[in-house]
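Dear colleague,

I am handing over the structure below, together with some notes on what was found in it. Please read them with the model open beside you.

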Amino acid sequence: WANSNYKWSGKRIKQLGLNLNAPGDRTSDKNTLWLEFPYVGGASPEIPVKIDTVNYFVIRKDPISVNSENTQWISASAIGGLRSLEITLSKEKDAQETSYKINLYFSELENKHEGERVFDVTIQNKKVLENFDIIREAGKIDKEIIKSFTGITANRTMMIEMNPKNGNTILSGIELIQESIHQIQTNAR
């Protein structure tokens, strides 16, 4: 973990990770800069992120306790009680609509059972997860689940909304990858 001291220029964000309640910034093996949010250590990258919460809580575990292929450090921390999260993608007045791949990182970090935490997720006014239950999908606590969505279009902001059906919401990380950038990287391999 480190503090990247990254300062955003205001130009279109092409690739970004927000690691919720993380102890610092980190770069993934896929070259995504993961910024801690909320920003605690070091200088803020000055990327506006607005959140709305109900019964807000934070949780962090030792990454070794989370079952993940190679990103347990993302899913070992989380923010609970999120209702909406809006990320500014561009400060440019003439920003064009752009398509993104969105990866959402989840892990049940509390001692919950199936059915105790169920919620819907909407991205850019499109419901992408309905009655999502981390334990039902993962089969146990402390196991990372990554949900990926392609073709998510955005102009200057990206809005993610979470609506609880039972219990409260929880989210560990958000990764945004501009799809044209992702396609170039995939084709180069």
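Threonine 98 is buried, because its relative accessible area is 11% and buried means under 20%. In this model, which is a predicted one, threonine 98 is placed in strand S6, a strand that covers residues 98-106. The side chain of threonine 98 reaches the backbone oxygen of glutamine 96 at 3.2 Å, and, leaving aside residues up to four places away in sequence, threonine 98 touches Arg12, Ile152, Thr153, Ala154 and Gln178.

Strand S6 also belongs to an open sheet of six strands, whose order is S2-S3-S1-S12-S6-S9 and whose pairing is mixed. The edges of this sheet are strand S2 (26-27) and strand S9 (145-154), each of which pairs on one side only. As background, strands of a sheet pair through backbone hydrogen bonds, either parallel or antiparallel.

Another antiparallel pair is made by strand S7 (residues 118-123) and strand S8 (residues 126-132), which four bridges join. Within this pair, phenylalanine 119 stands opposite phenylalanine 132 in S8. The two strands, S7 and S8, form a hairpin with two residues between them, and glutamine 124 in the turn has a positive phi of about 50°.

Turning to another residue, is glutamate 86 buried or exposed? Glutamate 86 is buried, since its relative accessible area is 18% and the limit for buried is under 20%. Glutamate 86 has its place in strand S5, which runs over residues 77-88. When residues up to four places away in sequence are not counted, glutamate 86 touches Pro48, Val49 and Lys50, and also Thr157, Met158 and Met159. Aspartate 52 is 34 residues from glutamate 86 along the chain, and the C-alpha atoms of these two residues are separated by 9.0 Å.

Finally, there is a nonpolar patch on the surface, formed by Ile51, Tyr56 and Val58, which together have about 240 Å² of accessible area. Of these residues, tyrosine 56 lies in strand S4 (residues 49-60), and tyrosine 56 is partly exposed, with a relative accessible area of 40%, because that value falls between the 20% below which a residue is buried and the 50% above which a residue is exposed.

With kind regards

Conventions:
Residues are numbered from 1 along each chain as its sequence is written. This is a predicted model: local features need pLDDT of at least 70, side-chain atom pairs count only at pLDDT 80 or more; totals for chains, interfaces and linings use all residues. Side-chain values use heavy atoms; hydrogens and water are left out. Buried means under 20% relative accessible area, exposed over 50%, partly exposed in between (1.4 Å probe, protein chains only). Contact means heavy atoms within 4.5 Å. A polar contact is a pair of N or O atoms within 3.5 Å; within protein, one must be able to donate a hydrogen and the other to accept it, and residues adjacent in sequence count only if both atoms are side-chain atoms. Two strands pair if DSSP finds at least two bridges between them. Patches are made of residues with over 30% relative accessible area and no salt bridge: like charges are joined within 9 Å, nonpolar side chains (Val, Leu, Ile, Met, Phe, Trp, Tyr) within 5 Å. Accessible areas come from the Shrake-Rupley method with a 1.4 Å probe; for residues, only the protein chains shown count as cover. A salt bridge is a side-chain nitrogen of Lys or Arg within 4 Å of a carboxyl oxygen of Asp or Glu.
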